[in-house]
Amino acid sequence: MSVAKKDYKKITVQSLTEMKANGEKISMLTAYDFTMARIVDQSKVDVILVGDSASNVMAGHETTLPITLDQMIYHASSVVRAVSRALVVVDIPFGSYQSDPKEALRSAIRIMKESGGHAVKLEGGEEIKESVKRILNAGIPVMGHLGLTPQSIYKFGTYTVRAKEEEEADKLIEDALLLERLGCFAIVLEKIPATLAAKVAVQLTIPIIGIGAGGGVDGQVLVIHDLLGMTKEFSPRFLRRYMDLYHGMTEAIGSYVKDVKEGDFPNEQEQY
Ligand code: KIV
C-alpha cells in the first residue's frame, strides 16, 4: 500500500499524531553532534533523538548510566543548532528524574531552556508517573520508553528481549495505556516481541516507535552509528546496517597515513 506523504515544513508532536492517523510511518534516528545532526535533518528524518546512548557511542562507556545532565545538554544544544525540520527529543539521563518529580521537572526545564530541544524522553511507566505528570503540566512534551530500558540494565542483568512472559507483557500494556492517558505524545518500545508491540500500536492512538519491536508499529528508531556501520561489535538481529563506514573510514584514513608517510600529501596543488 502506498501512503501519500505530506510535506511537513517543521515536524511537531502534532505532525506525528497526524502521521499515525494517516498511516504514514515515522522515521527517527539518534544524533549527538552538529555535523551528524545536519546530515540527518537534511535527509528528512522526522525525529532526531539525542539519546543517552551518547554515553556508549560518544563517550565509550559500557552503559548509559554515567552520562550527566550537563553532558546531555551539551550534545542536545549542538544538535538543535543544526536542525531546521526534525523534532528534537532529548533523553533525561539516569539519576536526573528517578528520585522525585520536582527533580524530574527541574531536569526537563534545564534541557528545554539550555539546549532548545523540543521534547524529553524518560524510561519507565507506573513508577515514574508523577514525574511525567509534572513535566507535562509545565507544558513540556514527553515521549515514553518501555520494554528494554537501558537505564535499568543492572536490574535486568542482560540486554535480552523483554516482555516475553505474560506478566511482563501485561504490565507493559498497562504502562503504555497509562502513559497515553497522562498525555505523552509517543512511546518508544525497545526489544520486545513484534506481536506485543503491534498490539500496543493498535490499542493506542499516540505513535509507537519501535527498536527491535518489529514492523507492526508506527515508526522505527535506530542509533545512527549502528545504521552507518561505524560500530562493529554491536550486531543484534534487529539492526540493518546501510553502510560499512567502519571499514570505509579505516581505508580512507589509512590512505591518508600512507600519503603523508610517502610525502605524497600535500602535492603542488594542495599548497600555497
Ligand atoms: O538512547 C537511545 O539511543 C535510545 C534509543 C535506543 C531509543 O533511547
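**Charge pairs and local features of the predicted model**

At 39% relative accessibility, Lys171 counts as partly exposed (buried is under 20% relative accessible area, exposed over 50%, partly exposed in between, with a 1.4 Å probe and protein chains only). The model is predicted: local features need pLDDT of at least 70, side-chain atom pairs count only at pLDDT 80 or more, and totals for chains, interfaces and linings use all residues. Residues are numbered from 1 along each chain as its sequence is written, and side-chain values use heavy atoms, with hydrogens and water left out.

Lys171 forms a salt bridge with Asp175 (2.5 Å, N to O). A salt bridge is defined as a side-chain nitrogen of Lys or Arg within 4 Å of a carboxyl oxygen of Asp or Glu. The two residues are 4 apart in helix H8, so about one helical turn separates them. Helices (H or I, at least four residues) and strands (E, at least two) are DSSP runs, numbered from the N terminus. Asp175 is buried, at 7% relative accessibility.

Helix H8 spans residues 166–182 and includes Asp170. Asp170 is partly exposed, with a relative accessible area of 41%.

The whole structure holds 11 salt bridges. One of them joins the side chains of Asp46 and Arg85 (3.5 Å, N to O). This pair links distant parts of the chain, 39 residues apart: Asp46 sits in the loop between H2 and E2, Arg85 in the loop between helix H4 (69–82) and strand E3 (87–91). Asp46 is buried at 3% relative accessibility. Arg85 is buried too, with a relative accessible area of 10%.

Lys121 and Asp91 also meet in a salt bridge (2.7 Å, N to O). Here strand E4 (residues 119–121) supplies Lys121 and strand E3 supplies Asp91, 30 residues apart. Lys121 is buried, with a relative accessible area of 2%. Asp91 is buried, with a relative accessible area of 2%. A network of salt bridges links Asp70, Arg110 and Glu114.

Backbone features follow. Lys44 is not a glycine, yet its phi is positive, about 65°. Lys44 lies in the loop between helix H2 (34–42) and strand E2 (47–50) and is partly exposed, with a relative accessible area of 45%. Lys191 likewise has a positive phi, near 50°. Its loop runs between strand E6 (186–190) and helix H9 (194–203). A cis peptide bond joins Phe265 and Pro266, with omega about 0°. Pro266 falls in the segment after helix H11 (245–261).
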